[in-house]
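Visitor: Please take one kind of side-chain contact in this model and go through it closely, then move on to whatever lies around it.

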Amino acid sequence: MSDIINKYKIEKDLPLLMESDKLGKEKMGRLIFMMALPTVTAQIVNLLYNIVDRIFIGHIPGFGDAALTGVGVVHPIIVIISAFSAFFGNGGAPLAAIALGKGERERAEKILGNCVTMLTILSAVISILVYIFMKPLLYAIGASETTYGFASEYLSIYLIGTISVLMTMGLAPFIVAQGKSKLVMFTTIASASTNILLDWLLVNVFDFGVKGAAVATVVSQTVSAVFFLFFLCCKADSIRIRPQNLMLNPRILGSIASLGVSPFVMSSTESLIGFVMNSGLQTYGGDAYVGCLTVMQSVMQFVSVPISGFTQGVTPVISYNYGAGNKERVVQGIKIIFGVMVTYNFLFVLSSMLFPGFYARIFTDNAELIDLTVRSMPVFMSGMLIFGVQRSCQTTFLALEQAPISLFVAMLRKVILLVPLAIILPRLGLGAFGIYCAEPIADATAAITCGIIFACKFKKMLEKPAY
């Protein structure tokens, strides 16, 4: 009887064993690029959600610059909404990958189920609260009489799709953790293509302006969310969403929170930065400076989003081998991560500093805004030249369950350094330009500090057993 049961278990878990064999035995360089290329592609395409909206909005005849600034004001709120998906997606998926590496499929599915439930609850709570306090919130983060109408139009519609945004971004890491990164890529491409088409129709053809761009984003995100839910409920081989696992488990939520707090803080503090910088720029410079920040942060996304995609693809590989005790493969993977991230980050940031006018014209035709961006971007982006070091280290910290260290570094850059500097420097006679100077100082300091911590802690981290 026991032989029959064991045979049934092996047959039942055969797809899982096949994925485990790939993550644990495939040549590391090939495996990382095989896993990361689809997620990088997906993230680049996903970048189009925000970028294409801004391109279409920024080129609306007559009021494109004001509309672009209004959507830029909304950005910190969108970031804080997305941060909750990072909390559960990037917090739960590495744990699920580690559980799969240990052969604990049931635990992995419980982690997934708890994340789905929390994402659903949070989408309702966030939408209601933001809608209720929308007006004072937008004015507090840099809206003016000129830009408030555009900001509120966009945000009101975007909030309707909050659940789609959270599900899309929160569930994608769980699909990647099963070795299905190509599925995420193709789904994201289909969704982004929908967004581009709808942007063109609703903004250019039907002249719906900012509202049209918001509708395009909500519809396209919903396409991804529906497909991800369908796959995880009906088609996934390794782990699925099952009704019995949707009941919240405090111990599992605690494990998710311990790891998810770092990516959450990394994302949510980006929102805090937006609040501080937008309001400061409105005070010391006005709408033009807020619009300039919108352009520069959009260019910064060209750097950070592909790296985030690479992180999403390689983290399950490192976590799985860490859980399986394959230290040599973990080290091989980390070397590749550093080489790719540091090189890409440096080269792209350098191009943005050398050719700021090219990037500015992607988003606006306004001569004043272009001139301000050309003068500001080389300074604003300079600290990002070595930021690939920090992203590489934090990816490793997250994959090896070192959330406290990753959290400290994230807090150092954004809360301890950037926010105070953005408040203090303008008062030292630098005005609005002082806010732009705060970014490179914080970026470079945090990257150097993170590299030193990594060099000191790496061997001990590798020796610590995965729980």
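Guide: Glu 439 and Arg 413 form a salt bridge, their closest N and O atoms being 3.0 Å apart; the term requires a side-chain nitrogen of Lys or Arg within 4 Å of a carboxyl oxygen of Asp or Glu. Because Glu 439 lies in helix H18 and Arg 413 in helix H17 (residues 403-424), the pair ties together parts that are 26 residues apart in sequence. Salt bridges that share partners also bring in Asp 443, so that Arg 413, Glu 439 and Asp 443 make one network. Both Glu 439 and Arg 413 are buried, where buried means under 20% relative accessible area, exposed over 50% and partly exposed in between (1.4 Å probe, protein chains only). Helices here are DSSP runs of H or I with at least four residues, strands are runs of E with at least two, and both are numbered from the N terminus.

The model is predicted, so local features need pLDDT of at least 70 and side-chain atom pairs count only at pLDDT 80 or more, while totals for chains, interfaces and linings use all residues. Residues are numbered from 1 along each chain as its sequence is written, and side-chain values use heavy atoms, with hydrogens and water left out.

By the salt-bridge rule the count comes to five. Another of these joins Arg 242 to Glu 109, with 2.7 Å from N to O. That pair links distant parts of the chain, 133 residues apart: Arg 242 is in the loop between H10 and H11, and Glu 109 is in helix H5. Glu 109 is buried, at 7% relative accessible area, whereas Arg 242 is partly exposed, at 27%. Helix H5 (residues 105-132) also holds Glu 106 and Lys 110, which are four residues apart and so separated by about one helical turn. These two form a salt bridge with 3.7 Å between the closest N and O atoms. Glu 106 is exposed, at 56% relative accessibility, and Lys 110 is partly exposed, at 31%.

The loop that carries Arg 242 also carries Leu 248, between helix H10 (209-235) and helix H11 (250-284). Leu 248 is partly exposed, at 33% relative accessibility. Leu 248 belongs to a nonpolar surface patch with Ile 121, Val 125, Ile 128, Leu 129, Ile 132 and Phe 133, about 630 Å² of accessible area together. Patch members have over 30% relative accessible area and no salt bridge; like charges are joined within 9 Å and nonpolar side chains (Val, Leu, Ile, Met, Phe, Trp, Tyr) within 5 Å. Accessible areas come from the Shrake-Rupley method with a 1.4 Å probe, and for residues only the protein chains shown count as cover.

Aromatic contacts are next. Rings of Phe, Tyr and Trp (its six-membered ring) pair if their centres lie within 6.5 Å; planes under 30 degrees apart count as stacked, over 60 as edge-to-face and the rest as tilted. The whole structure has 16 such pairs. Phe 358 and Tyr 359 are edge-to-face, with centres 5.2 Å apart and planes at 80°. Phe 380 and Tyr 436 form another edge-to-face pair, 6.2 Å centre to centre with 90° between the planes. Phe 380 lies in helix H15 (residues 367-382) and Tyr 436 in helix H18 (residues 431-463), so this pair ties together parts 56 residues apart in sequence. Phe 380 is buried, at 0% relative accessible area, and Tyr 436 is buried, at 0%.
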